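Please read them with the model open.

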Amino acid sequence: MSASFQMLGLSGSRDERGLISMALPFNCATLDETLSVGRVFPFGLPETRRAVTQLEDGSFQATVTFEGIEGSGENGDSESYEFDSMFREEPIESHPNIDKIKSTYGGYERDGRILFPEKLTSSKSSGSGLSGSKSTSSDKNPLFGMTTYLVLNAVFRHTYLRRTIPGDLLDRVGTTVDRLPESFPTPAGRNWLVMPPKAVKRGNVFEISEEWTLSKPGEKWPDAIYGLIQR
């Protein structure tokens, strides 16, 4: 007769999408028993992981993890959205208003790079450009030594649970959209490129994550070009 028993220390969670994860620890007298305990699935969830460690008294602890969603419904209860924005450095040459910046701050090209003088000449006026104040021959150039600028970069993710992988999951890859779901913001003059999705089996469901990447300032992803990649 098996001497295995369930130990104290059960842990579990249920996220906003209805995905349940539960870990049950069992004490087993033999190594063989560690592979057979935990056959009664809590809430009908399938086993997804089994970890075994040997204890000081020579017995074994088998921790069995179960994951999935309850019942026979098609999908999880809800979906989650993530808007991840950050600054990224880009070469100053890629700025969408680089011609105006060069004219205002005396930019000149050398070895394929755009450089700025340490002093602004009296003929240069930032009032006609970006800052709104006049300059004199003694003014220090605010762009002196600057080779990069900060760009708002953003990634949008939509994660949800499905019993089966949608048949049209890859149809949108490489296409572009001007607006995001749930009224998340899009900067003016930019759009989003639909990236390849990710799908992970989590017990009795698939966790699917779709992702959109924001275009550069003053530019839009060319839908026609990326669409041709799929053909």
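Where does Arg 17 lie? Point 2 takes this up, after a word on the model.

1. Basis. This is a predicted model, in which local features need pLDDT of at least 70 and side-chain atom pairs count only at pLDDT 80 or more, while totals for chains, interfaces and linings use all residues. Residues are numbered from 1 along each chain as its sequence is written, and side-chain values use heavy atoms, with hydrogens and water left out.

2. Arg 17. Arg 17 lies in the loop between β2 (11-14) and β3 (20-28). Strands (E, at least two residues) and helices (H or I, at least four) are DSSP runs, numbered from the N terminus. Arg 17 is buried, at 7% relative accessible area; buried means under 20%, exposed over 50% and partly exposed in between, with a 1.4 Å probe and protein chains only. The Arg 17 side chain makes polar contacts with the side chains of Asp 15 (2.5 Å) and Glu 207 (2.8 Å). A polar contact is a pair of N or O atoms within 3.5 Å; within protein, one must be able to donate a hydrogen and the other to accept it, and residues adjacent in sequence count only if both atoms are side-chain atoms.

3. Arg 202 and Glu 67. The structure holds 15 salt bridges, a salt bridge being a side-chain nitrogen of Lys or Arg within 4 Å of a carboxyl oxygen of Asp or Glu. One of them joins the side chains of Arg 202 and Glu 67, at 2.8 Å from N to O. Arg 202 is in strand β12 (residues 198-202) and Glu 67 in strand β5 (residues 60-68), so this pair ties together parts 135 residues apart in sequence. Glu 67 is buried, with 11% relative accessible area.

4. The side chains of Glu 79 and Arg 162 form a salt bridge at 3.1 Å, N to O. The pair links distant parts of the chain, 83 residues apart: Glu 79 is in the loop between β5 and β6, and Arg 162 is in strand β9 (residues 148-162). Glu 79 counts as partly exposed, at 31% relative accessibility. In another salt bridge, the closest N and O atoms of Arg 157 and Glu 82 are 3.4 Å apart. Arg 157 lies in strand β9 and Glu 82 in strand β6, so the pair ties together parts 75 residues apart in sequence. Both residues are partly exposed, Arg 157 at 21% and Glu 82 at 40%.

5. Nonpolar cores. In soluble globular proteins, nonpolar side chains tend to be buried together. Here the largest nonpolar core has 11 residues: Ile 20, Met 22, Leu 24, Phe 26, Cys 28, Val 37, Leu 45, Phe 60, Ala 62, Val 64 and Phe 66. A nonpolar core is a set of buried Ala, Val, Leu, Ile, Met, Phe, Trp, Tyr and Cys residues joined through side-chain atoms within 4.5 Å. The elements giving two or more residues to this core are β3 and β5, and β3 contributes the largest share, five residues. Setting aside neighbours within four places in sequence, Val 37 is in contact (heavy atoms within 4.5 Å) with Ser 4, Phe 26, Cys 28, Arg 50, Ala 62 and Val 64. A second, separate core has 10 residues, among them Ile 114, Leu 120, Leu 143 and Tyr 149.

6. Surface patch. Phe 87, Leu 150 and Leu 152 form a nonpolar patch on the surface, with about 320 Å² of accessible area together. Patch residues have over 30% relative accessible area and no salt bridge; like charges are joined within 9 Å, and nonpolar side chains (Val, Leu, Ile, Met, Phe, Trp, Tyr) within 5 Å. Accessible areas come from the Shrake-Rupley method with a 1.4 Å probe, and for residues only the protein chains shown count as cover. Phe 87 is in strand β6 (residues 80-91) and counts as exposed, at 59% relative accessibility.

7. Backbone. Phe 43, in the loop between β3 and β4 (47-54), has a phi near 60°, a positive value in a residue other than glycine. Asp 111 is not a glycine either, and its phi is positive at about 55°. Asp 111 is found in the loop between β7 (108-110) and β8 (113-115) and counts as exposed, at 77% relative accessibility.

8. Totals. The chain has two helices and 13 strands. Of its 231 residues, 36% count as buried.
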